[in-house]
Amino acid sequence: MNQTRTRSISLLFQLGGLALAVLFVTIILLLVDAQPMEAFRLIWEGATGNPTRIASVFVVWVPLLLVTCGLLATFTAGLWNIGIEGQITVGAIFTTGVMRLFLDTSISPVLVIIISMLAGMLGGALWAALAGILKTFGGVNEIFGGLGLNFIATALNIGLIFGAWSRPGIASMSGTEPFPEHFWLPTFQNFRLSLWSIGFAVLGLIIIYFLLQGTHFGLRLKAVGKGMKSAFRMGIPTWQHMMLSFVICGLFAGLTGAIQVTGVYHRLIPSISSGYGFMGLMIAMLINYQAIWLAPIALFFAALNIGGIQLPIVIKLDSALTGVLQGSLVLFILIMQGIKQRFVGKK
Amino acid sequence: MKKKYAWTIFALLLVMVLVLSACKPTPAPSAPAEPAAPAEEPAAPAEPAAPAEEPAAPAEEPAAPAEEFVFGMLLVGPYNDKGWSQAHYEAGEFVVEKVPGTKMIYLDRVNTADRPGTTAAQLAEELVQQGAKLVVFNSDDMKDDAVEFTKNNPEIFVIHASGDTVWADGENYVPLANMANLMGEMEYGKMIAGCDAALHTQSGSIGYLGPLINEETRRLATSAYLGARYCWDNYLEKDPADLKFRVTWIGFWFNIPGFTEDPTQVANEFINSGVDVIISGIDTTEGLVEARKATGEGKQVFAIPYDFIGACEEAPDVCLGVPYFNWGPSYARYVSSAMQGTWKSAFEWMPPNWENINDLDNTPIGYFSGPAMSQDAKPLLEKFIAELAGGLNLWSGPLNYQDGSEFLAEGEVATDVEIWYLSQLLEGMEGRSE
C-alpha cells in the first residue's frame with residue numbers, strides 16, 4: 001500500500017517535470033511566433049510518418065541505447081564519464097584503422113567486420129581506461145580528464161581524416177573514402193537500419209541489466225557508488241571496481257563507434273560520435289540510472305532527433321528546438337525530483 | 001496536506017500548458033492535425049506523406065494550385081551566410097520567380113557537424129517526402145550522398161553543384177541519367193580578384209584564406225595567384241619577386257569551432273605579417289570583417305570575399321570587389337527541362353557571359369566591383385577583364401608546380417582536365433598543397 005503510494009507520487013512528479021518541459025518549449029515556440037501544436041505534430045509525423053522514418057529513428061536509437069548502457073556502469077560507480085564522446089570516437093578510429101588493414105586482403109569480409117568491431121570496442125575501452133587511470137592514479141577528476149581526452153580524440157580524428165587517411169588527392173570534411181559495400185553491416189532492403197546493430201543494442205541492454213541488477217559485481221559497484229569509504233571498509237577493492245566500470249563503459253562506447261562506422265556512415269567522419277555520448281548522459285539522468293526505462297526513453301530521444309528534421313523544412317524553425325526539449329526535460333525532471341525530496345520526504 | 005499541495009501545482013501546470021497551446025490563433029483546437037494554412041504558404045500539404053503512395057495528399061487544402069513543381073535544396077551552410085549557400089538560396093528564389101509553377105523547399109546547414117546523426121541522402125529523401133521532384137546538393141562534400149541518392153531515386157532529378165560525377169572526361173565518371181553537375185567557371189572570377197588584389201596591395205603581400213585542400217580549392221587559389229601575377233607584372237610593371245602570395249587553409253568552407261581553424265584568427269595572422277589584401281576562398285566573410293577592424297585601427301587592409309554578390313555589404317569601405325556565383329539562370333534551365341521532360345544529364349563548367357559578366361539573367365559567374373576600388377585601378381581591372389574576354393589564357397606555360405617540377409612547358413596550354421584536377425599549387429605560391 002505504502003509502496004504503491006510512493007510510486008504514484010514519484011510518477012506524478014515526473015509527469016509534472018514533463019509538463020513543465022513541454023510548457024517551456026511551448027513558450028519558446030510562442031515567442032518565435034510558431035504554432036506549438038503544429039510543431040509537435042510535425043515532430044511526431046517526422047518520426048513515425050512512414051517506414052523509412054521509423055527506420056531512421058532506430059538508426060539513432062541503437063547508438064543512444066548502447067552508450068547509455070555503458071554510462072549506467074560508470075554512473076552506478078558514482079562516476080561522471082564525460083569522456084564518453086571521445087571513447088566513441090576512438091572506437092570508430094580503431095574500427096576504421098583495422099578495417100583499412102584488411103581492405104586488400106582475401107580474408108572473408110564477415111571476419112573483417114567482426115575483427116574491426118572488436119578493435120573498436122578495445123579502442124573505446126582503452127580510452128576509457130585512460131580516464132580511469134587519470135582518476136585513480138593521477139587524482140584528476142574524471143570530468144576534467146574526460147573533457148581533455150575528448151579534445152584529443154577529436155583532434156586525432158580530424159588529423160587522420162585530413163592527413164594519413166585522407167582520400168587520394170583531396171581532404172574532405174565528408175570523411176575518409178567509403179568502404180566497399182561488402183564491408184558494411186548488412187541492412188534491410190532500402191533502409192539504413194541494420195538488424196545486426198539492433199541485435200547488439202538489445203543484447204547490450206540485457207547484459208548491462210543483469211550485470212547491474214543480478215550480480216555481486218553490480219552490487220559492489222553500487223556500494224562503491226554510494227560511498228567509497230564505507231565500501232572500502234566493507235572490503236570492496238574500490239579503485240579496481242571504478243576502473244572496471246570505466247572499461248565496461250568504454251567497451252559499449254567503442255561498440256557504438258564501431259557501429260557508426262560499419263553500419264551507418266561506412267567511413268570515418270569528423271563528427272562520428274554525433275553527440276550521442278552527451279545525449280546518453282541526459283538519458284541516464286532522466287531514467288534515474290534505472291536500466292529498465294532505458295529502451296523507451298532512448299527511443300523517445302531518437303524520435304525527437306529524427307522528427308525535428310521536419311521543423312526547418314516545413315516551418316523554418318531550427319531543429320535544435322528538439323535539443324531544447326530534451327535538455328529542458330532532463331532539467332525539469334531533476335528539479336521536480338528535488339522538490340519532491342524537499343516536500344514529500346526522501347522516500 | 002503535502003500531497004494536496006503537489007496536486008494543486010501539477011493541475012495548475014497542466015492547465016497552463018493546455019491554455020497556452022490552445023490560445024495561440026490556431027484553427028479549431030478539435031482538429032489540430034489540420035494545417036493552419038498561413039497565407040504565405042498556400043501549398044503546404046496537410047500530410048507530409050509520400051506522394052508516390054498517396055497521390056492526393058493535399059486534400060484538405062483545395063485552394064492550392066493543382067500541379068506545382070517542387071524542387072528542394074540542400075545547403076551546406078546557413079541560407080543567409082552571405083556566401084556560397086546564400087548564393088544558392090537566392091538562385092532558388094530566382095527560379096521561383098522566372099519559372100512559373102515552381103516552389104522551393106530547402107534545408108540548410110546540411111553537414112554532419114551541424115546535423116549530427118544524419119546523412120545528406122537521408123535529408124534529400126525528406127525533401128522528396130515533402131514533394132520535391134528535383135533536389136540540389138550544393139556541396140562537393142555531399143558527393144557520396146548525392147551519388148547514393150541519385151542511384152536510389154531514379155525518378156528524382158538531381159543537380160550536384162560543383163561535382164564531376166557525370167563528366168565523361170572526368171576521373172570519377174559514373175553515368176547517372178538523372179544527375180547533372182553544374183559549376184561556374186569561377187577560375188575567371190578568381191583571376192579578376194587576384195588582379196584586383198595586386199592592383200591595390202601596397203606591401204606586395206596577398207593572403208588567400210583557403211577552405212579545405214582539394215582539387216577545386218587548389219585550382220581556385222591558383223587562379224587568384226595567376227591573375228595577381230599577371231597584373232603585377234604587366235600592368236604595374238613591378239618586380240615579380242616582390243609579389244608574395246600566401247595560402248592558409250582553415251580546414252572547411254566555414255568555421256566550425258573545434259573542427260576547423262578559426263578564420264578570424266587566420267585573417268589576423270595575415271594582417272600581422274604584413275598582408276594588406278585578403279582574398280577569401282571560404283564561404284563566410286571573416287576576412288572582410290577583420291580587414292575592416294584593422295583599417296579602423298589605422299592599417300589600410302582590403303579584402304575580397306567570395307561566392308555571393310551581396311558579400312561586400314558586410315564592410316563596404318574595405319571591400320575591393322567580390323567574385324560571385326549566379327546559379328539562378330542555369331538552375332532555371334534545368335528545372336524547366338525537368339518540368340518539360342527534356343532533361344539531359346550533363347556536366348557543365350560554365351564560363352562567364354563575356355558580353356557582360358554582371359548580367360544576372362545570363363551569366364553563371366560575375367565580378368562585382370566594391371566601393372573600396374580605387375580610381376587608378378578601375379581602368380586597369382576593366383582592361384584585364386576585356387583581355388580575358390578576348391581570349392587571354394593564363395593557364396599557359398611556362399608554369400611550374402610548387403615543388404619545382406614542370407606543369408606546362410613554354411607554349412603549352414592546360415586542358416580542362418588538368419585544371420579541374422590540379423594536383424599542386426604553383427611555384428611562387430606559399431602554403432600547403434596537400
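Helices (H or I, at least four residues) and strands (E, at least two) are taken here as DSSP runs, numbered from the N terminus. The structure is a predicted model, in which local features need pLDDT of at least 70 and side-chain atom pairs count only at pLDDT 80 or more, whereas totals for chains, interfaces and linings use all residues. Residues are numbered from 1 along each chain as its sequence is written, chains are lettered from A and ligands numbered from 1 in the order in which they are written, and side-chain values use heavy atoms, with hydrogens and water left out.

**Helix α3 of chain B**

Helix α3 (residues 120-129) of chain B is mostly covered, since 10 of its 10 residues are buried, where buried means under 20% relative accessible area, exposed over 50%, and partly exposed in between (1.4 Å probe, protein chains only). Among these buried residues are Gln122(B), Glu125(B), Glu126(B) and Gln129(B), together with Leu123(B), Leu127(B) and Val128(B). Just after α3(B), Gly131(B) takes a positive phi of about 105°.

**The open sheet of chain B**

In chain B, 5 strands form an open sheet in the order β9-β8-β6-β7-β15, with parallel pairing; two strands are said to pair if DSSP finds at least two bridges between them. Strands β9 (302-304) and β15 (429-430) of chain B stand at the edges with a single partner strand each, so one side of each is left without a neighbour in the sheet. Strands of a sheet pair through backbone hydrogen bonds, either parallel or antiparallel.

Strand β6(B) is largely enclosed by the rest of the structure, because 6 of its 6 residues are buried. Ser205(B), Gly207(B) and Leu209(B) point one way from β6(B), while Ile206(B), Tyr208(B) and Gly210(B) point the other way. The parallel strands β6(B) and β7(B) are joined by 6 bridges, and Ser205(B) has Lys244(B) as its bridge partner in β7(B). Further along the sheet, 3 bridges join β8 (residues 277-280) of chain B to β9(B), again in parallel, and Val277(B) has Phe302(B) as its bridge partner in β9(B).

Helix α6 (residues 215-234) of chain B lies across β6 (205-210), β7 (244-249), β8 and β15 of chain B and runs at about 160° to β7(B). Helix α7 (residues 263-272) of chain B lies across β6, β7 and β8 of chain B and runs at about 170° to β6(B).

**Strands β1 and β2 of chain B**

Strand β2 (residues 102-107) of chain B is also largely enclosed by the rest of the structure, because 6 of its 6 residues are buried. Thr102(B), Met104(B) and Tyr106(B) point one way from β2(B), and Lys103(B), Ile105(B) and Leu107(B) the other way. Strand β1 (residues 69-74) of chain B pairs with β2(B) in the parallel sense over 6 bridges, and Phe69(B) stands opposite Thr102(B).

**Salt bridges**

A salt bridge is counted where a side-chain nitrogen of Lys or Arg lies within 4 Å of a carboxyl oxygen of Asp or Glu.

| Pair | Closest N to O |
|---|---|
| Arg219(B) and Glu187(B) | 2.7 Å |
| Glu348(B) and Arg333(B) | 3.0 Å |

Arg41(A) and Glu38(A) are 3 residues apart in helix α2 (residues 36-48) of chain A, and are therefore separated by about one helical turn. Arg41(A) is buried, with a relative accessible area of 12%, and Glu38(A) is buried at 12% relative accessibility.

Arg219(B) forms its salt bridge with Glu187(B) at 2.7 Å. This pair links distant parts of the chain, with Arg219(B) in helix α6 of chain B and Glu187(B) in helix α5 (residues 186-200) of chain B, 32 residues apart. Arg219(B) is buried at 1% relative accessibility, and Glu187(B) is buried at 4%.

Glu348(B) lies in strand β11 (residues 347-350) of chain B and Arg333(B) in helix α9 (residues 328-340) of chain B, so this pair ties together parts that are 15 residues apart in sequence. Arg333(B) is partly exposed, with a relative accessible area of 43%. Salt bridges that share partners also join Arg167(A), Arg267(A), Asp144(B) and Asp145(B) into one network.

Key: Contact means heavy atoms within 4.5 Å. Axes are lines fitted to C-alpha atoms, for helices over the stretch in contact, and angles run from 0 to 180 degrees between N-to-C directions.
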